[in-house]
Amino acid sequence: MSDIRSLGYLKVQTQDVDRWRELVVDGLGMAVGSGPDEDGLYLRIDERRSRLQVLQGEVDKVLAVGWEVRDQFALRAVHDELEKAGVEVRELSQGEADQRDVERAITFADPAGTTVEVFFGPVLDHSPVVTPHGGRFVTGPAGLGHVVLPTPHFQETYDFYTEVLGFLPRGAMRLGGPGAPGPALRVRFLGVNQRHHSLAICPAPPSEAPGMVHLMMEVDTLDAVGQALDRVGKLGFSISSTLGRHTNDKMVSFYVRAPGGWDLEFGTEGMLVDETHYTAEEITADSYWGHDWSGSEPLAAFTPES
């Protein structure tokens, strides 16, 4: 098992912080947290000061994906593995760590150019988490949720996360279906805890700005998912996918388009993996039912740059 325990945080840059606020606070029901940038939006769903950080900028891009380890010894082990693999890695200064509300952290780039941060010692906020609609998010040992990242260097990226960082394969889906002509291209799902996958990687065209396919967050009831679906529709957000249940992680969810051309998946009832008997499988359908994507706009990650 990897020294990495969970997806700790996601930091993104957007051209429209206000619209993000409408989506994640008014629509999905995240609480407003705290952070160093007075113009930034810091979203709280548990005792962490923020799990999702949305900062204003001229380009929509992923600024950092933060992965959590147990302690300083685990951080050192990750650092050593990266150096052994020839990856350029830097320890964040105390000021940079304080900005992220962690004790210590390191930073480096994955083969797709996405900035990755690994940290330990998150600073907690013990005040009550007051979400606008009373929703309760599923985090704890499972972390923030899962993130799906695009990469033009698929095999190199897959090898990096599995062989260097120690993520566990949790199955795949062949693009185009089982009968698609070769060479086979697959979305691969990777786990670090009982959540079926905390990371998935997907073949995509090159991009100057590191992007994202989607971020998944989980809540504890189907009613909370349905109520959020109603709210984001009334707020005028594009529903990328209708409600459905996935075949691999059993999540009942919908997808909504966020500013920047990415999706947010909002779901419940995700399965827990028991590593004593789990084997990686290839799914042949995305969902048992639902998840109609026919009304979805093109994702930024799959739109070639002109």
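Leaving aside residues up to four places away in sequence, Arg48 touches Glu68, Phe119, Pro122, Val123 and Leu124, a contact being heavy atoms within 4.5 Å. The model is predicted, so to speak of local features requires pLDDT of at least 70, while side-chain atom pairs count only at pLDDT 80 or more and totals for chains, interfaces and linings use all residues. Numbering runs from 1 along each chain as its sequence is written, and side-chain values use heavy atoms, with hydrogens and water left out.

Where does Arg48 sit? Its place is the loop between strand E3 (41-44) and strand E4 (52-56). Arg48 counts as buried because its relative accessibility is 15%; buried means under 20% relative accessible area, with a 1.4 Å probe and protein chains only. The side chains of Arg48 and Glu68 are joined by a polar contact of 3.0 Å, that is, a pair of N or O atoms within 3.5 Å, one able to donate a hydrogen and the other to accept it; residues adjacent in sequence count only if both atoms are side-chain atoms.

Turning to the whole protein, the secondary structure comprises 5 helices and 18 strands, taken as DSSP runs of H or I (at least four residues) and E (at least two). Of the 306 residues, 52% are buried. Among contacts with a separation of 6 or more, 69% link residues 24 or more positions apart.

Definitions and conventions. Buried means under 20% relative accessible area, exposed over 50%, partly exposed in between (1.4 Å probe, protein chains only).
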